[in-house]
Amino acid sequence: MVPLTHYLALSFLLFVLGVVGVLVRRNLLTVLMSIELMLNAVNLNLVAFSRQLGDLTGQVFTVFVIAVAAGEAAIGLAIIISLYRLKGSVNLDDAAEMKG
Amino acid sequence: MTAALWMFWILGAVVIVGAAGVVLMRQPVHSALFLLLSFVAMAGLFVLTRAEFLAAVQILVYAGGIMVLFLFTIMLVNLRRQQKEPYIHRQAAVALLVGAAFYGLIGGLLVGETRELASLGGGVAAHPGKLASVVIGGARVAGNSEAVGWALYRDYFLPFEIASVFLLVAMIGAVVLGKRTMEKVD
């Protein structure tokens, strides 16, 4: 059996890669993909704890996280498309009206 | 090293390579394909953690549905214009620093907790039987899907219904946002 800490280390590395992706990329599509990476890291964490404790709750919660991720991807991509119609670009720096 | 540990290292390496590809690739299409690689390897990790049902859901929802959404959006949005521009933000150095600090912080916590757990005597023993079967009406039914389904429809019925309403709201919202009649504001 793989130790729990292996899963935790992998999922934290994946989460940090998602955070860096959100902070570093200028393209909105890739930013959304990085958010999906972070959600996936959380899923791995939940499932690993479910395996360790022999408790199904983590798996059930992962089902809900996947449902939320699907809704978030649909809404996020719709927002990206309407932003593209408005600005003609999906670059984050082109949507800076709220910048102080 | 056991077979499970080998599988963990291989699948984990593929997941990390996929994630790094998402962050590093210039073209969003390449990022999307690396994301697909990461999702598929993650499904393998789910199998390794006795979550076979979730592995199937991962392939269907992530690798199937969400990837199709991403690829269609990439096709709808004209990205050719931006190929000359830098695709990494100016704040990349600061972002990397923040990421490294974050990983160091959580990694340090993790190492500390592991040591504490080891000093307490190895942590909790696993009971994989509960993940792979469920008792329904006095009879033991084998299968991870059966167990997850039973938990979803009996213990977590209200959250399940709320999730379905949430998905309906997301669907209507996506249709409204994606409608062509959005006027140009300025």
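Guide: Start with the domains. This is a predicted model. In the domain assignment, chain B is divided into domain 1 (1-83), domain 2 (88-124) and domain 3 (125-186).

Visitor: How far apart do the C-alpha centres of domain 1 and domain 2 of chain B lie?

Guide: Those two centres are 23 Å apart.

Visitor: Next, secondary structure. How many helices and strands does chain B have?

Guide: Chain B has 7 helices and 2 strands. Read from the N terminus, its elements run α-α-α-α-α-β-β-α-α. Chain A comes to 3 helices and 0 strands. Its order is α-α-α.

Visitor: Is chain A spread out or a compact globule?

Guide: Compare the radius of gyration with the globule rule. Chain A has a radius of gyration of 17 Å, well over the 13 Å that the rule gives for 100 residues, so chain A is more spread out than a compact globule. Its C-alpha trace spans about 50 × 25 × 20 Å along the principal axes.

Visitor: What share of each chain is buried?

Guide: In chain A, buried residues make up 59% of the 100 residues. In chain B, 24% of the 186 residues count as buried.

Visitor: And contacts along the sequence? What fraction join residues at least 24 apart?

Guide: Take contacts between residues at least 6 apart in sequence. In chain A, 46% of them join residues at least 24 apart. In chain B, the figure is 40%.

Visitor: How do I read a single helix?

Guide: Begin with the general geometry. An α-helix has 3.6 residues a turn, so residues three or four places apart point the same way. Then check the length. Helix H2 of chain B, residues 28-48, has 21 residues. From first C-alpha to last, H2(B) reaches 30 Å, close to the 30 Å expected at 1.5 Å a residue.

Visitor: What happens just after H2(B)?

Guide: Arg50(B) takes a positive phi there, about 65°.

Visitor: Which residues have the most contacts inside the largest nonpolar core?

Guide: They are Leu14(A), Leu44(A) and Ile80(A), in a core of 74 residues. Elements of both chains give two or more residues to this core, including H1, H2 and H3 of chain A and H6 (144-154) of chain B. H3(A) gives the most to the core, with 14 residues. From chain B, the core draws at least three residues from each of domain 1 and domain 3.

Visitor: What does Ile80(A) touch?

Guide: Set aside residues up to four places away in sequence. Ile80(A) then touches Leu28(A), Leu29(A), Val90(A), Thr73(B) and Val77(B).

Visitor: One last residue. Why does Leu46(A) count as buried?

Guide: Count C-beta neighbours. The cut-off for buried is 20 or more within 10 Å. Leu46(A) has 23 inside that distance, so Leu46(A) counts as buried. Leu46(A) lies in helix H2 of chain A.

Visitor: Which residues is Leu46(A) in contact with, beyond its neighbours within four places in sequence?

Guide: Gly58(A), Phe61(A) and Thr62(A). Leu46(A) and Leu8(A) are 38 residues apart in sequence and 9.5 Å apart in space, C-alpha to C-alpha.

Key: Residues numbered from 1 in each chain as written. Chains lettered and ligands numbered in written order. Predicted model: local features only at pLDDT ≥ 70, side-chain atom pairs only at ≥ 80, totals over all residues. Helix = DSSP H or I, 4+ residues; strand = E, 2+ residues; numbered from the N terminus. Expected span 1.5 Å × (residues − 1). Core = buried A, V, L, I, M, F, W, Y, C linked by C-beta atoms within 7 Å. Buried ≥ 20, exposed ≤ 12 C-beta atoms within 10 Å, placed from the backbone. Domains from an automatic or database assignment. Contact = placed C-beta atoms within 7 Å. Rg over C-alpha atoms; globule rule 2.2 N^0.38 Å.
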